[in-house]
Amino acid sequence: MVQRSLVSVVDDDESVRESLPDLLRQFGFAVQAFSSAEEFLASEFVSQTNCLILDIALVGMSGPDLQQELTRRRQAIPIVFITAHGDKTVRPRLLALGATECLFKPFSDDALLEALTKALGTR
Amino acid sequence: MSEQKRIGKQLDQLVAERTRELAEVNEALKKELAVERQRTEAARRAIDQDSRLIVGSIPGLVSVLTPTGAVEAVNDQLVEYCGQTLEELKQWGSTDTVHPDDLPGVMQMLTQALASGEPYDFEGRLRRFDGAYRWFQVRALPLRDTNGTILRWYALHTDIDERKRAEDALRHSEARLRAIVETTPECVHVIAGDGTLLSVNAAGAAMAGAPSVDLMLGRNFYDFVTPDDRERYRAFNESVCAGQKGLLEFHIVRMDGERRHLETHAAPLRNDDGTVAQLGVARDITARKQAEARLHESERHLRQLTETIPVMLWSATPDGAIDYCNARFLEYTGFDAEQVMGRGGFTKLLHPDDVDRTVQEWLSCIRTGASFQVEVRKFHAADATYRWCMTNARPLLDEDGRILKWYGTVVDMHDWRQAQEELRHTQEKLAYMMRVTTMGELTASIAHEVNQPLSGIMTNAGTCLRMLAADPPDVAGACETARRTIRDASRASDVIERLRALFTGKELTTESMDLNEATREVIALSMNELQRHRVMLRPELADDLPLVTANRVQLQQVILNLLRNAADAMAGVDDGPRQLLIRTERDEGDRVRLTVQDVGVGLEPHVMDKLFQAFFTTKSSGMGIGLSVSRSIIEKHGGRLWGEPNDGPGATFAFSIPREPARATDAAPLMRHS
């Protein structure tokens with residue numbers, strides 16, 4: 001990989017913002033972490049982001065809200081949703097709305113890599 | 001002439017003859033007289049001899065005085081008594097033979113008697129041979145000759161010392177008695193059989209309102225007695241005068257018109273003339289009677305009170321024996337007073353299982369004087385069951401701290417106790433429901449809380465492995481991620497710790513119920529807490545609210561949660577009243593709505609979204625599951641729960657549920673933001 005893909009992480013859980021970027025960098029990605037949807041939208045990285053790892057339940061604008069907002073802005077960024085809630089019924093709905101994957105915390109590094117590969121491969 | 005001479009001569013002869021005869025007779029008479037004189041002298045000597053013998057043998061002290069008063073002779077008894085010779089006794093006027101105090105009087109008496117020749121009689125003290133003075137009565141008579149000339153005085157001295165002393169003693173005793181009678185505050189009187197007041201003391205006069213005793217004497221005492229009591233008093237007086245002792249209470253009207261209540265103890269008193277009078281001691285008992293009447297009235301009042309008061313009352317002697325139970329007590333237990341009274345009688349009223357501890361407690365209190373308080377099951381006659389009662393008793397102490405009496409109450413607290421238990425049970429259930437909701441909600445909450453750190457652990461562990469597997473291995477990075485793994489693991493452990501107290505709920509049934517009624521119960525339950533937080537609660541409950549089908553406890557849990565949140569939100573409101581409005585009303589679409597509005601801190605926009613998430617809280621204490629659980633409950637009832645800031649200060653939370661039975665719970669949209 002000459003130029004590393006940029007993966008942006010939006011999660012209000014600090015431990016996620018701490019641990020996930022390290023793993024992603026081990027995978028070989030460039031990483032940016034944001035604690036809210038609003039912060040991400042206001043940043044310069046929206047257009048540079050190759051893949052978005054997005055928490056569903058966020059303070060303020062929620063994950064699905066951000067997904068809609070990006071669609072509205074025609075920013076076709078592949079999205080891997082992550083959620084700590086165990087409600088499996090949410091996954092098909094999100095996939096139907098265009099999400100690449102929906103991972104339920106806790107997920108393995110392999111599952112994440114698989115989802116990212118899928119997201120970046122489909123771009 | 002010769003005839004004359006012859007006659008003359010004859011006459012002379014005759015005269016001479018008669019003279020001779022007369023001289024002879026005279027001579028004979030003289031002889032006779034001398035003989036007679038001799039005989040008389042002998043007789044007189046004999047008499048004198050007799051007289052001396054008589055004087056000597058008289059059982060008294062005799063002295064013989066000359067007409068001038070000088071001692072001529074004394075008998076042996078007098079000599080012996082005085083221990084003086086006749087010569088010494090002749091000097092009595094200048095010695096201490098007569099007591100010095102009596103001597104002047106004796107001298108005067110004697111002088112008068114000698115002058116008048118009248119017999120004299122006086123009493124005086126004569127000195128005995130040993131120096132002791134004894135009282136004597138001295139009586140003297142003059143002895144006169146045929147011409148009435150006093151020849152001698154004979155004086156008899158009779159020893160009257162015993163009598164004199166007895167008289168003195170009597171006089172003293174009488175004086176003492178009189179002093180007692182005169183100083184006694186009670187009326188001492190003597191009343192004749194016809195009612196005449198013969199004698200009365202000063203106290204008696206005062207009692208009758210008379211200024212002096214003299215004004216009382218001779219009056220008829222019957223006149224003082226009130227007309228109502230007069231006949232009774234007359235019969236009493238006559239009975240006493242007939243020899244009976246007696247006691248009588250009666251009324252008098254004093255001389256100043258005041259009516260008094262008297263009590264007389266009387267005994268018959270025999271007068272010198274043989275009549276019998278009433279000796280009475282009367283006491284004014286007006287004040288005592290009034291006090292008695294007041295006491296009686298007070299007792300009657302107290303008895304009335306204790307007998308009509310709807311509380312069981314009892315009292316006991318210092319040794320613990322029941323000596324009084326009021327009517328309510330006996331009516332409640334169905335026992336007779338006789339069965340309950342005395343030591344240990346009360347154990348018959350108790351449930352057998354309560355007897356031992358009650359008796360021990362009671363005995364301990366009797367010993368120490370500590371207040372007695374036990375909860376026991378007492379027999380209740382009306383339904384022949386034992387009911388829980390609170391028995392209390394406190395000792396009445398005298399000034400030395402000794403127990404005079406125990407006074408106790410018994411209060412039936414059976415219903416109260418049951419209500420308390422039910423209330424406690426309800427509160428426990430509510431508190432339990434505050435923490436716990438249905439299985440699904442809880443597991444979702446747990447999953448979320450635990451999955452966050454678990455996710456961190458897995459990510460960090462994966463990162464760590466990859467860093468170590470790299471070439472060259474990133475050891476420093478691996479160490480960092482391993483540390484994070486540990487941290488997240490302990491975070492997960494904390495969550496588990498917090499959840500430990502929570503239990504899974506069980507399926508709850510629904511019933512047709514009145515939301516207003518449920519609300520009122522919650523208000524009643526919360527009133528203390530609300531008042532403690534100085535919250536002014538204003539309920540506005542609609543009159544025509546339809547019934548709902550719901551789980552009562554769960555709905556009440558929601559209402560309670562909303563009230564508590566509102567109260568907590570106003571904890572910092574100090575510049576105005578902490579007003580809390582709770583309202584029920586019909587809502588659109590056959591629904592009923594309950595609204596809780598406060599004037600507290602309100603809601604920040606960024607909080608709104610997380611408000612209903614489990615474990616989210618803006619409070620420093622609490623698990624933050626209240627609103628989440630509440631919403632879950634309301635949604636299970638086919639309803640909706642929401643919150644919004646007010647236009648002014650504070651926030652409003654409300655729920656709306658259908659009046660009809662809710663549809664199946666699958667309508668509940670879970671995690672609307674996820």
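**View 1. Helix α8 (residues 286-308) of chain B, end to end**. At 1.5 Å a residue, the 23 residues of α8(B) should span 33 Å, and the end C-alpha atoms sit 32 Å apart, which agrees. The expected span here is 1.5 Å times one less than the number of residues. Helices are DSSP runs of H or I with at least four residues, strands are runs of E with at least two, and both are numbered from the N terminus. α8(B) is hardly covered: its count of buried residues is zero. Buried means that 20 or more other C-beta atoms lie within 10 Å of a residue's own, exposed means 12 or fewer, and partly exposed is in between, with C-beta atoms placed from the backbone. This is a predicted model, where local features need pLDDT of at least 70 and side-chain atom pairs count only at pLDDT 80 or more, while totals for chains, interfaces and linings use all residues. Residues are numbered from 1 along each chain as its sequence is written, with chains lettered from A and ligands numbered from 1 in the order in which they are written.

View 2. Which residues of α5(A) are buried? They are A:D109, A:L112, A:A115, A:L116 and A:A119. These cover an arc of only 125° around the axis, which puts them on the same side of α5(A); the arc is that of the directions from the helix axis to the C-beta atoms. On the other side, A:D110, A:T117 and A:G121 are exposed.

View 3. Strands count as paired if DSSP finds at least two bridges between them. Four residues lie between the strands of this hairpin, where B:A384 takes a positive phi near 50°.

View 4. B:C389 is buried because 26 other C-beta atoms are within 10 Å. Beyond its neighbours within four places in sequence, B:C389 is in contact (C-beta atoms, placed from the backbone, within 7 Å) with B:V376, B:K378, B:V410, B:V411, B:D412 and B:M413. B:V410 is 21 residues away along the chain, yet the two C-alpha atoms are separated by 6.3 Å.

**View 5. The largest nonpolar core**. A nonpolar core is a set of buried Ala, Val, Leu, Ile, Met, Phe, Trp, Tyr and Cys residues joined through C-beta atoms within 7 Å. This one has 41 residues, and A:V10, A:C51, A:I53, A:V80 and A:F81 have the most contacts inside it. Helix α13 (residues 439-469) of chain B supplies the largest share, seven residues. Apart from this core lies another of 30 residues, including B:V558 and B:M570.

**View 6. Where chain A touches chain B**. The contact takes 25 residues from chain A and 28 residues from chain B. On the chain A side, helix α1 (residues 14-27) gives the most, with eight residues.

Note on methods
Two residues are in contact if their C-beta atoms, placed from the backbone, lie within 7 Å.
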